[in-house]
Amino acid sequence: MDSGDEQDVPDSQGRKKRYHRHTPRQIQELESYALLSSISFALALFVWCGRRGYGAVLLCALELFGGGSLMGFSELVGRMFKVCPHPDEKQRAQLSRDLGLEPRQIKFWFQNRRTQMKAQHERADNCLLRAENDKIRCENIAMREAMKNVICPSCGAPPASDDSYFDEQKLRMENARLKEELDRVSSLASKYLGRPISQLPPVQPLSVSSLDLSVGGYSNPGISPSLDLDLLCRNSSSAFPYTFPAAVSELEKPLMMEMATGAMEEVIRLVQADEPLWVKSGSDGRDILQLENYDRMFQRSNRQLRFPDTQTEASRDSALVIMNAMTLIDIFMDAIKWAELFPTIVSKARTIEVLAAGMAGSRSGSLILMYEELQVLSPVVPTREFCFLRYCQQIEPHVWAVADVSVDYPRDNQLAPSRSRKLPSGCLIEEMSNGYSKITWVEHMEIEEKNPIHILFRDLINSGMAFGAQRWLTTLQRMCERFACLTITGLPARDLGVTPTPDGKKSMMKLAQRMVNNFCANVGAANGHKWTTLSGLNDVGVRVTLHKSTDAGQPNGVVLSAATSIWLPISAERVFSFFKDERTRTQWDVLANGNTVQEVAHITNGSHPGNCISLLRGLNSGQNTMLILQECCTDASGSVVVYSPIDLPAINIVMSGEDPSYIPILPSGFTILPDGRSAGGQGASSSSNPLGGSSGSLVTVAFQILMSSLPSAKLNLESVTTVNNLIGTTVQQIKAALNCPDV
């Protein structure tokens, strides 16, 4: 009996290995046996099913095996393996005697055959799934394309937007414009024809409520009647514009940790290095990064190339702040606290995911994925958005380093469609023995300005001062001093004015901080603030936006915000002193109606005398129940003056030390920034100074008005006209009081 062919085949280690190949007769016998076993099983199934009346099962068995004579041999073998793929030991012994093979060879043959059948089934399933997937993908693409071309079956127009409220307002505005045009044409026709045109059909007005647009009320030629109300819509409760994936994948986490570690090493070197990496500016002593030396020192294989339309901004500065290092670390590693610490710079911040918690007590090794939106307090300056890793490491006793670096997350890049990115940046925090901390701050980024920078702010932005390390540190110093004043008790009574208790002082400081935060959040060009420009006033124009206020601590209803930015040929320090002094308030406050104000309470919240909170009362105003809460903030990077009316019962609650979180406030105010000419930064020019003289200041005037307490109220043109006149008159009075030419 033929036992098959034997061959010597070398294995992976060079040794000879016996390889046995079955003869065709042996393979035929093995498959025949498997087939006979299957048929025997089927016959037994027929008898069993017939005795028990299982007709359906019997029919299936007949269908499976009845056509055996017509089926191919391999197909029958395949069917058999579904029924009897595992011969027992007795059957394997019988086969080994019949074929002259060892029982283990019989066993291996059936194992191999079962593996082959399994692989065939898996390939077939994969093909089916792939075909189904392709079919679904094609259907998805077809549905997407169909949705792009959806039209109304009645009129053939695109479908109406979801916000019918603003669509209705646009129609009313268009109706007002068309009727005004019709009246003008009719007047001209009557003049030349000698009689009115009665043949023209009358225009039927829409039914309007008391808050709707009034054609007769539109008298200001500086306001465009074709105001796009869709651009005015935003909701104050939707503070964050993006959604993120549920979690960072496990494959990405090691890569992010490696990226953060590399950024940390670079930040430490940037902080500690001097020349030739950093050189001092001859004009103002600022540290300037030498990009050629930087590229040689920090070469990377995966380094992205600089695009020709991007601008590199790099700055470094150091300062002492009155806050211990661990408190600073806790704030920096918490996105909400981070935004509250820098309300004038950070308009939005969020922790996307904590990738590593770090060591308890020191936060060393903590790694988080963050999103932030940075702003300049003006509606004409676009914000900067970054999704980045923030890594904290204690490098020595009492010394911490915090490093940031942009990361491409999520992969569809919905956060930052531009090529702007934060290169390794951060700070070194050294805790001092007196409770202070010494901080060295580095900012390094590549920015792509998708739209041209407005001429007023071009010098400030190009100098790198708007988002540079100096601005971060001066703001941090001022805010740390404010927090220190909040915790200090036992101040002299003259400093507290009429505030009777330390709890009352803390309550007023908290209310004032909320007022400043609200103002900063609503005056910039943050994502979701869709400003619409009204013509007139200057090349910036008055910009307005509308939002429905439902947040606690704000009046409920519809709020109209309006702002404009102007350049003044006066230093920022002098402009700030003008706005801060209550004795000069009547020179710019249109709503004061010429009545002087008196400071009835004063709280110092910083080492600079300009950093303070005041409670003002109008004299001879006839409104003895209304006061004005005002906070003034100033540092080397700029100043803010924010104020809000507050009634007497509410201020009594504050002074008694109760929680001021639910006291409604609607702040207005001013931001004062240097124009950037004195910064001498790279790319700075004299473009922002129309007179071509000495450097001046950039002033943003902003008002918020509760247009209606009804959340469903519609924008009326009278309110837009009022706020436009309010800002225009305020700007004119400011220029007149400061003896500035009308430029």
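Helices (H or I, at least four residues) and strands (E, at least two) are taken here as DSSP runs, numbered from the N terminus. The model is predicted.

**Backbone geometry**

In the loop that runs between helix H7 (252–272) and strand S4 (278–280) lies Pro276. The peptide bond joining Glu275 and Pro276 is cis, with omega about 5°. Most residues other than glycine have a negative phi, and most peptide bonds are trans.

| Residue | Phi |
|---|---|
| Arg363 | near 65° |
| His398 | about 70° |
| Asn739 | near 55° |

Arg363 is placed in the loop between strand S7 (346–356) and strand S8 (367–374). Its relative accessible area is 22%, so Arg363 is partly exposed. His398 sits in the loop between strand S9 (384–396) and strand S10 (399–406). With a relative accessible area of 48%, His398 also counts as partly exposed, because that class lies between under 20% for buried and over 50% for exposed. Asn739 follows helix H17.

**Helix H17**

Helix H17 covers residues 717–737, and its 21 residues should span 30 Å at 1.5 Å a residue. The C-alpha atoms at its ends are 30 Å apart, which agrees.

**Surface patch**

Leu320, Ile322, Met432 and Tyr436 make a nonpolar surface patch of about 310 Å². Of these residues, Leu320 belongs to strand S6 (residues 310–321). Leu320 is partly exposed, at 46% relative accessibility.

How values were computed:
Residues numbered from 1 in each chain as written. Predicted model: local features only at pLDDT ≥ 70, side-chain atom pairs only at ≥ 80, totals over all residues. Heavy atoms only, no water. Patch = residues over 30% accessible without salt bridge, like charges linked within 9 Å, V, L, I, M, F, W, Y side chains within 5 Å. Areas by Shrake-Rupley, 256 points an atom, 1.4 Å probe, with all protein chains shown as cover. Salt bridge = Lys/Arg side-chain N within 4 Å of Asp/Glu carboxyl O. Buried < 20%, exposed > 50% of the residue type's maximum accessible area, 1.4 Å probe, protein only. Expected span 1.5 Å × (residues − 1).
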